[in-house]
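Subject: Structure handover

Hi,

Here is the structure I promised to pass on. Please open it next to this email and follow along as you read.

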Amino acid sequence: MLDLKQVRQDPAGVAEQLKLRGFEFDAARFEALDARRKSADVRSQDLLAERKSASKKIGELVQSGVPVDEAKQTVNETLEKIAAEIDAATEEARLVSAELEDLLMGVPNLPSDRVPPGADESDNTEVLRWGKLPSFDFEPQDHVDLGEGLGGLDFETASKLTGARFVVLRGDLARLHRALVNFMLDLHLGQHGYQELNVPYIVNADSLRGTGQLPKFGEDLFKLHHDQDYYLIPTAEVPVTNIARDRIIEADELGEGLRFAAHTPCFRSEAGSHGKDTRGMIRQHQFEKVELVHLVRPADSDAALEALTGHAEAVLQALELPYRKVILCGGDLGFSARMTYDLEVWLPGQDAYREISSCSNMGDFQARRMQARWRNPDTGKPELLHTLNGSGLAVGRTLVAVLENGQRADGSVAIPQALQPYLGGQAVLER
């Protein structure tokens with residue numbers, strides 16, 4: 001959520017910044033609601049002062065010759081009237097404050113000054129390309145044909161079990177999927193200083209509000225029919241980041257920043273994606289990721305984004321997968337992010353780069369919603385943390401990239417050397 005003080009000071013300026021994202025902020029509505037809230041608060045304070053003054057009038061009336069009982073009745077009637085007006089003013093302030101909060105909960109984060117203008121992904125800015133694109137003396141296949149040829153991709157059975165956008169992995173491909181998870185976790189824990197977490201795959205609505213999925217994106221979630229307000233997680237970002245919700249982290253615990261890594265399944269309804277990526281594993285209702293989350297001091301968040309993105313890049317480089325890095329333009333930026341790098345891996349079967357990781361700096365946007373704070377030792381006062389997250393990496397898409405980039409003319413697939421120890425030394429997947 002945006003800083004209310006900042007919005008109050010310059011609603012027109014906030015609206016102008018949000019235009020970079022293609023978001024129209026109703027500054028006039030905000031100002032009208034805030035004026036109503038302020039008026040109700042002032043009215044409440046005035047009435048409280050009036051009540052205090054009225055309670056002293058019994059003695060004044062008696063001194064003026066009014067009988068005691070009549071003076072008490074007169075003052076009590078006045079106090080009852082004031083009390084009713086206080087209740088009405090308090091309720092008005094509560095309702096307006098709730099409406100104001102609802103308005104701000106639907107407003108996305110302000111983009112960083114580094115975010116380029118643009119309407120959609122075609123306007124993203126490429127900042128780096130890594131690796132040499134593979135060259136084939138045959139027509140490369142996509143991962144679906146390769147996986148089915150290897151006997152390891154089974155969409156038909158998954159459709160029977162559940163429905164569209166699910167897959168059953170068999171044999172070598174199920175083992176390859178597990179190997180990728182272990183490889184990623186070992187890399188991040190051993191070389192990048194992350195603490196591994198095992199978190200619930202089901203969260204409550206408060207957690208989803210904290211990271212920004214609710215209330216605006218409820219249709220993208222799988223809600224459970226239960227007596228609790230439970231949802232399947234769309235990403236481990238939700239439970240991991242919410243560990244800091246309603247906490248004040250002491251400076252010595254925070255250190256140079258907390259880094260967490262978690263491997264979880266992710267569940268997404270893919271609302272609005274009808275007709276997109278219907279073939280294969282690129283866009284599914286259930287997939288797995290190794291998620292990276294940083295909690296840092298505000299002064300360190302820009303550097304943390306570069307570090308986090310570099311950690312995701314290290315996985316691609318170790319697996320020798322060509323990729324490019326782009327900065328998302330305003331129109332392609334996620335709701336909670338102030339700046340995002342996308343890593344897009346080369347897929348020969350599609351003859352295109354496709355997203356495999358998004359690494360984002362949320363600033364204090366999520367922390368304000370969660371009341372996630374740290375204690376600044378210089379002032380002794382709690383301040384909002386900055387939160388960051390990114391995929392390190394999406395496991396299914398990494399498997400797709402390994403298959404398509406390592407394919408051979410006979411349909412076999414060469415395994416990247418860094419991954420071979422996780423497959424018992426196996427170097428090739430044979431048909």
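Does E126 count as buried, exposed or partly exposed, and what is its relative accessibility? E126 counts as partly exposed, at 34% relative accessibility. Keep in mind that this is a predicted model.

**E126 and its partners**

E126 takes part in a salt bridge with R129. The N to O distance there is 2.7 Å. R129 itself is exposed, and its relative accessible area is 53%.

E126 also forms a salt bridge with R324. Here too the closest N and O atoms are 2.7 Å apart. E126 belongs to strand β1 and R324 to strand β10, so this pair ties together parts that lie 198 residues apart in sequence.

**The sheet**

Now step back to the sheet. It is open and has 8 strands. Their order is β1-β10-β11-β12-β15-β9-β8-β4, and the pairing is mixed. On average, neighbouring strands are turned by 25° against each other, direction ignored.

As a reminder, strands of a sheet pair through backbone hydrogen bonds, in a parallel or an antiparallel way.

Look at β1 and β10 (residues 323-327). They pair in the antiparallel sense, over 5 bridges. T125 stands opposite I327 of β10. E126 stands opposite V326 of β10.

Two helices pack on this sheet. Helix α8 (residues 171-191) touches β4, β8 (258-267), β9 (286-296) and β15 (386-394). The direction of α8 makes about 5° with that of β9. Helix α12 (residues 301-318) touches β1, β8, β9, β10, β11 (339-347), β12 (352-361) and β15. The direction of α12 makes about 5° with that of β15.

**Strand β10**

I327 stands opposite Y341 in β11.

**Two buried residues**

N389 is in strand β15. N389 is buried, with a relative accessible area of 6%. Which residues does N389 touch, not counting residues up to four places away in sequence? They are E237, E291, L292, V293, L308, S358, C359, S360, M362 and Q366. Take E237 as one case. N389 and E237 are 152 residues apart in sequence, and their C-alpha atoms are 6.6 Å apart in space.

Q284 is in the loop between β8 and β9. Q284 is buried as well, with a relative accessible area of 4%. Leaving aside neighbours within four places in sequence, Q284 is in contact with F155, R165, F166, V167, R268 and E270.

**A surface patch**

Next, look at the surface. Y201, I202 and Y230 form a nonpolar patch there. Together they have about 250 Å² of accessible area. Y201 lies in the loop between β4 and β5 (202-204). Y201 is partly exposed, with a relative accessible area of 35%.

**Helix α2**

Helix α2 covers residues 11-18. Its buried residues are P11, G13, V14, A15 and L18. What do they pack against? They pack against α1 (4-9) and α3 (27-54).

The model has 26 salt bridges. One of them joins R283 and D277, with the closest N and O atoms 3.1 Å apart. R8, D34, R37 and D41 are linked in a network of salt bridges.

Best wishes

Key
Residues numbered from 1 in each chain as written. Predicted model: local features only at pLDDT ≥ 70, side-chain atom pairs only at ≥ 80, totals over all residues. Heavy atoms only, no water. Pairing = 2+ DSSP bridges. Helix = DSSP H or I, 4+ residues; strand = E, 2+ residues; numbered from the N terminus. Axes fitted to C-alpha atoms, helices over the stretch in contact; angles between N-to-C directions. Contact = heavy atoms within 4.5 Å. Patch = residues over 30% accessible without salt bridge, like charges linked within 9 Å, V, L, I, M, F, W, Y side chains within 5 Å. Areas by Shrake-Rupley, 256 points an atom, 1.4 Å probe, with all protein chains shown as cover. Salt bridge = Lys/Arg side-chain N within 4 Å of Asp/Glu carboxyl O. Buried < 20%, exposed > 50% of the residue type's maximum accessible area, 1.4 Å probe, protein only.
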